[in-house]
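Please examine the fold below with its strands, helices and side chains in mind. A short report follows.

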Amino acid sequence: MTAAAPSAAAAAEEKLAYRLFTGADDRAFCERVSAALAEGYVLHGSPSATFNGSTVIVAQALVLPAAIASADAAVANAVDELDGEEFGADEAFEGHA
């Protein structure tokens, strides 16, 4: 028996690890970013701004801290595995402080 797919409501409630907010540089944009910060997101990188001829358009990336930690751990594990495969487990860190 296969597991049922998550409902649309459950999928909508799941937080994305990464979000990019874009829009006019106005109060509504700032409120959207502020709401995400209140939900536990943190700013990721510098904001960007451009001018479309009539309005300043801004963008800001936000990420969940747990997503950063998970990605960092995955990279560290991958590097450890490569070191172990390439040099052998005993030699992987030979000569490293």
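The charged end of Arg19 sits over the ring of Tyr41, 5.2 Å from the ring centre; this label requires NZ of Lys or CZ of Arg within 6 Å of the ring centre and within 35 degrees of the ring normal. The model is predicted: local features need pLDDT of at least 70, side-chain atom pairs count only at pLDDT 80 or more, and totals for chains, interfaces and linings use all residues. Residues are numbered from 1 along each chain as its sequence is written, and side-chain values use heavy atoms, with hydrogens and water left out.

The protein chain has three helices and three strands, arranged along the sequence as α-β-α-β-β-α. Helices (H or I, at least four residues) and strands (E, at least two) are DSSP runs, numbered from the N terminus.

The three strands form an open, antiparallel sheet in the order E1-E3-E2. Its edge strands, E1 and E2, each pair on one side only, where pairing means that DSSP finds at least two bridges between two strands. The twist averages 15° from one strand to the next, with axes fitted to C-alpha atoms and angles from 0 to 180 degrees between N-to-C directions.

| E1 | 18-24 |
| E2 | 42-51 |

E1 and E3 (residues 56-63) are joined by seven bridges in the antiparallel sense, and Tyr18 stands opposite Val63 in E3.

Of the 97 residues in the protein chain, 15% are buried, that is, under 20% relative accessible area with a 1.4 Å probe, protein chains only.

Notes:
Buried < 20%, exposed > 50% of the residue type's maximum accessible area, 1.4 Å probe, protein only.
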